[in-house]
Amino acid sequence: MRILFYLPVVTPWWFANIVSGVITTLARDHEVHVMVPPLWRGTGISKAEAPHIEALPHVHWHLLDGPDHPQLRVDASAQDDLIEFVGAIAPDLTLCRSADTKTPSRFPGAVRYMMEGGAPPFDLGNEWLVLKNDLFDHGFIPEIGPDVARALDGIGRELWDDMTARITLPTRAEFRAQARIDDGQRIIGLPLEYEHPENFFGQHHAFGSNADMVRAVAAQLGDETALLVTHHPLTERHGDVGQVNAAIMQHGGRVKLLPRTEAHGIAASDTTQAMALHCDGMVVGNSKSWSICAAFATPMVRLSAGQSAPTAPWINAYDRVSDMIHDLDLGTAKAADQASARRWFAYHILNAAFDPIAPTVRAEDIIARVNEPVDPARWDDALARYHALNPPAQLIKEASYA
């Protein structure tokens with residue numbers, strides 16, 4: 001099999017800790033080509049990645065270092081020479097770390113996007129991957145038969161009970177007191193996405209910036225509503241939160257930042273989870289925060305740009321803030337179907353998300369996730385890997401996958 005890695009927005013960390021391991025595994029049994037640009041705005045590779053390249057001399061490396069290489073990060077679909085080059089390679093499968101979907105859509109063979117495998121409130125490893133048909137297609141399950149559906153539902157209930165037994169969050173009253181929200185005041189949550197020059201996935205953001213999103217959402221809320229905002233942890237660590245903080249201050253207390261700090265009695269990693277659990281509705285973009293809303297049956301609005309962000313119907317996501325507010329006023333706001341949520345989390349943990357550098361992962365295991373996205377034969381290993389990260393609060397019963 002001929003496999004192409006197309007990596008225009010891979011960061012050095014991703015390359016060293018995740019992608020190079022996937023390349024190593026697949027190159028043991030298959031012909032592998034890697035197309036990657038030089039380092040620019042935090043994406044691509046530099047001399048620091050040379051040891052990973054030198055360790056794989058049997059891999060075909062293609063450095064895309066032409067003068068127009070910055071355009072690879074945004075949209076290179078008009079670069080016919082690139083398309084012809086890929087056509088000459090003729091990959092059977094292309095694995096992308098790309099924020100641009102137009103260019104890979106012109107490639108021959110199957111195309112999948114390597115995206116983060118996290119699905120909070122379930123705890124998966126930071127290095128886990130999922131191979132997606134699109135960048136931000138949230139909540140979809142491939143077609144399955146009734147027997148597999150019943151098996152997923154059974155394991156999903158067990159995973160769900162285990163997760164709820166493990167998770168520790170403040171009560172609604174405690175949260176409102178910690179967030180300084182008046183009794184009776186409606187809460188709308190707004191978890192922001194990673195904002196940094198290296199994050200080219202931001203081109204699919206519904207707004208020009210996180211600050212613009214804060215102002216736009218706040219403008220649609222009345223004085224009886226508090227808008228609670230959380231920064232993305234990577235923005236706090238590596239980015240500039242000044243413009244967002246300034247936008248929050250412009251609203252005279254109607255918009256509040258919920259810091260990721262132990263001082264408020266909420267574990268830093270659980271801040272957005274606590275907000276999703278206790279807010280009346282939440283506004284999300286393309287981040288993983290949607291799955292917290294789905295788990296906690298919190299009404300959500302999904303705001304995204306472009307065609308790379310479809311949302312599964314069972315999530316019942318609103319397209320407009322005003323529509324959710326209208327239904328909240330009437331007491332008829334829609335939330336994710338909980339039986340479907342449990343099934344999706346079970347599908348995701350058992351079939352889709354995986355640790356690409358685990359010692360047990362082989363080339364055929366990775367390729368099988370493309371050809372057979374649902375396969376009960378991998379469930380035992382998936383459960384073992386999941387419980388290695390999350391020792392069960394209760395023993396998981398033996399499950400039949402027949």
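This is a predicted model: local features need pLDDT of at least 70, side-chain atom pairs count only at pLDDT 80 or more; totals for chains, interfaces and linings use all residues.

Student: How many residues of helix 10 are buried?

Tutor: A residue counts as buried when its relative accessible area is under 20%. In helix 10, which covers residues 289-296, the buried residues are S289, W290, S291, I292, C293, A294, A295 and F296. Helix 10 is thus mostly covered, and the number of its residues that are buried is 8 of 8.

Student: Is I292 buried or exposed?

Tutor: I292 lies in helix 10, and, leaving aside neighbours within four places in sequence, I292 is in contact with P120, P121, T272, Q273 and A276. Because its relative accessible area is 3% and the cut-off is under 20%, I292 is buried.

Student: What kind of peptide bond joins P120 and P121?

Tutor: Both prolines are among the contacts of I292, and P121 lies in the loop between strand 5 (110-116) and strand 6 (129-132). Most peptide bonds are trans. The bond that joins P120 and P121, however, has an omega of about 10 degrees, and this peptide bond is cis.

Student: What is the phi of the residue that follows helix 10?

Tutor: Most residues other than glycine have a negative phi. Helix 10 is followed by A297, and the phi of A297 is positive, near 55 degrees.

Student: Where does R41 lie, and how accessible is R41?

Tutor: R41 is a residue other than glycine with a positive phi, near 50 degrees. The place of R41 is in the loop between strand 2 (31-36) and helix 2 (50-54). Its relative accessibility, which makes R41 count as partly exposed, is 42%.

Student: What is the relative accessible area of N316?

Tutor: N316 is not a glycine, although its phi is positive at about 55 degrees. The place of N316 is in the loop between strand 11 (300-302) and helix 11 (321-330). N316 is partly exposed, and its relative accessible area is 26%.

Student: How do helix 1 and helix 13 lie to each other?

Tutor: Helix 1 (residues 12-27) and helix 13 (residues 363-371) pack with their axes 8 Å apart, at an angle of about 105 degrees. Angles of 65 to 115 degrees count as roughly perpendicular. Helix 1 and helix 13 are therefore roughly perpendicular to each other.

Student: Which residues of helix 13 meet helix 1, and how many residues of the contact are nonpolar?

Tutor: From helix 1 come V22, T25 and L26, which meet A363, I366 and I367 in helix 13. By class, the contact has no charged residues and 1 polar residue, and the number of nonpolar residues is 5.

Student: How much space lies in the largest cavity?

Tutor: The count of cavities of 30 Å³ or more comes to 1. The residues that line the largest cavity include E193, E195, H231, H232 and D240, and by class its lining has 3 nonpolar, 4 polar and 3 charged residues. The space in the largest cavity is about 40 Å³.

Methods. Residues are numbered from 1 along each chain as its sequence is written. Side-chain values use heavy atoms; hydrogens and water are left out. Axes are lines fitted to C-alpha atoms, for helices over the stretch in contact, and angles run from 0 to 180 degrees between N-to-C directions. Helices (H or I, at least four residues) and strands (E, at least two) are DSSP runs, numbered from the N terminus. Angles under 35 degrees count as roughly parallel, over 145 as roughly antiparallel, 65 to 115 as roughly perpendicular and the rest as oblique. Contact means heavy atoms within 4.5 Å. Ala, Val, Leu, Ile, Met, Phe, Trp, Tyr, Cys and Pro count as nonpolar, Asp, Glu, Lys and Arg as charged, and the others, Gly among them, as polar. On a 1 Å grid over the protein atoms alone, a cavity is a set of points where a 1.4 Å probe fits but cannot get out, and a pocket is an open set with protein on both sides within 12 Å along at least five of seven lines; lining residues have an atom within 4 Å of a point. Grid points are joined across faces, edges and corners, and a volume is the space filled by probe spheres set on the points. Buried means under 20% relative accessible area, exposed over 50%, partly exposed in between (1.4 Å probe, protein chains only).
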